[in-house]
Amino acid sequence: MAATLIDGKAFAAKVRGQVAEHVARLKEQNGITPGLAVVLVGEDPASQVYVRSKGKQTVEVGMNSYEHKLEADTSEADLLALIDQLNNDPSVHGILVQLPLPKHLDEDLVINSIAPEKDVDGFHISNVGLLGTGQKSMVPCTPLGCLMMLRDHHGSLSGMDAVVIGRSNIVGKPMAQLLLGDSCTVTIAHSRTKDLPDVVRRADIVVAAVGRPEMVPGDWIKEGATVIDVGINRIERDGKNVLVGDVDFASAAERAGAITPVPGGVGPMTIACLLANTVTACCRANNLAEPEGLTA
Ligand code: NDP
């Protein structure tokens, strides 16, 4: 393997350490404990694992964790009433509604009912608009984690050619906005993109957020490029259930300058950035200085 491995697990531990330090300072100097409320509707097993992990890490960095588990058949009115209560609770600085929601609930309506300043997932339409216009916002956690790793590896990203494969609202689009904000020349590729291999071969930075196992082979990667693999795909290999990314790691690592592995790359950064966003939201709510390096 020629590429430098970008160790998301180690980086996430560093971010959590910075968050914990800031939380300790907020407690000592201001008597404030940041609080994150996570709302889970229904019993989707993957969502339950994520919510448990979020709650555990929230407590580990010294913040208060409030978990609200609602029945799968909870009405929209009841869910909106809970969000309204959390919006008005001064001990709650961040609110996250775990997606996906059961089909009878309108996700857009629910997300847009969260107070934008407490929207630590960064999915509220106001935060999307603020990010798009280069203003201070809550930034979606996964793209924020990718940006932090890219900045850490390169320093300045200015003038680099970046390709984001995928145009979802939670990863692809905000990732492209963040790279543009750091003065990359950005191409957003998707399922209708013509000659994707050629588009990817021109990029100094490749962010793959597609959801197709090992779709990007090494010979699409420009020599020395940085590859950020957001994909999380579970496949059967040699009779085992394994996690792989959207990039064929082995062949891409032969050509890339740096690459994130799956698992252990972008994944751990997502929850670390959720904690970072919560401490940022807490500081903003109390007109206090924000922690440096934990926001876009
Ligand atoms: P979506 O399914 O919402 O979006 C996938 C995107 O990939 C779409 O824009 C789609 O294009 C594009 N796409 C699909 N097929 C192709 C193709 N053959 N060529 C080019 N583009 C294609 O996925 P998400 O953005 O939510 O997630 C992407 C991946 O990232 C998933 O594996 C997911 O599990 C993972 N993920 C990981 C996170 C983490 O913490 N590490 C967090 C969030 C997601 P089109 O719009 O044209 O359909």
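**Ligand**

I began with serine 168: an N or O atom of its side chain is 2.5 Å from an oxygen atom of the ligand. I call this a polar contact, a pair of N or O atoms within 3.5 Å; within protein, one must be able to donate a hydrogen and the other to accept it, and residues adjacent in sequence count only if both atoms are side-chain atoms. The model is predicted: local features need pLDDT of at least 70, side-chain atom pairs count only at pLDDT 80 or more, and totals for chains, interfaces and linings use all residues. Residues are numbered from 1 along each chain as its sequence is written, and side-chain values use heavy atoms, with hydrogens and water left out.

Next I looked at arginine 212. An N or O atom of its side chain lies 3.0 Å from a nitrogen atom of the ligand. Isoleucine 232 takes part through its backbone, where a polar atom is 3.1 Å from a ligand oxygen. I then checked burial: the ligand taken alone exposes 930 Å², and the protein buries 70% of that. Those areas come from the Shrake-Rupley method with a 1.4 Å probe; for residues, only the protein chains shown count as cover.

How many residues surround the ligand? I noted 22, and the closest are Arg167, Ser168, Ser191, Arg212 and Thr270. To be near, a residue needs one heavy atom within 4 Å of the molecule or strand. By class the shell has 10 nonpolar, 10 polar and two charged residues. Nonpolar covers Ala, Val, Leu, Ile, Met, Phe, Trp, Tyr, Cys and Pro; charged covers Asp, Glu, Lys and Arg; the others, Gly among them, are polar. Which element gives the most to this shell? Helix H10 (residues 266-285) does, with three residues. Helices (H or I, at least four residues) and strands (E, at least two) are DSSP runs, numbered from the N terminus.

**Largest pocket**

I turned to open space. A pocket here is an open set of points on a 1 Å grid over the protein atoms alone, where a 1.4 Å probe fits, with protein on both sides within 12 Å along at least five of seven lines; lining residues have an atom within 4 Å of a point. The largest pocket holds about 1300 Å³ of space. Volume is the space filled by probe spheres set on the points, with grid points joined across faces, edges and corners.

I found 45 lining residues; Tyr50, Thr142, Ile232, Gly267 and Thr270 lie nearest the centre.

I looked up the domain assignment: domain 1 (30-116) and domain 2 (141-268). The bounds come from an automatic or database domain assignment. Their C-alpha centres lie 29 Å apart. Each domain gives at least three residues to the lining of the largest pocket.

The second largest pocket has a volume of about 390 Å³. It is lined by 17 residues, with Asp108, Phe123, Val128, Asn169 and Ile170 closest to its centre. Helix H4 (107-111), helix H5 (125-132) and helix H7 (172-181) give two or more residues each to this lining. H5 gives the most, four. I counted nine nonpolar, five polar and three charged residues in this lining. Why does the second largest pocket lie between the domains? Domain 1 and domain 2 both give residues to its lining, so it lies between them.

**Backbone**

I checked the prolines. The peptide bond from leucine 99 to proline 100 is cis, with omega near 0 degrees. Proline 100 sits in the loop between E4 and H4. The bond from valine 262 to proline 263 is also cis, omega near 0 degrees. Proline 263 is in the loop between strand E11 (258-259) and H10.

Last, I looked at phi. Aspartate 195, a residue other than glycine, has a positive phi near 50 degrees. I placed aspartate 195 in the loop between strand E6 (185-189) and helix H8 (196-201). Asparagine 287 has a positive phi near 50 degrees, and lies in the segment after H10.
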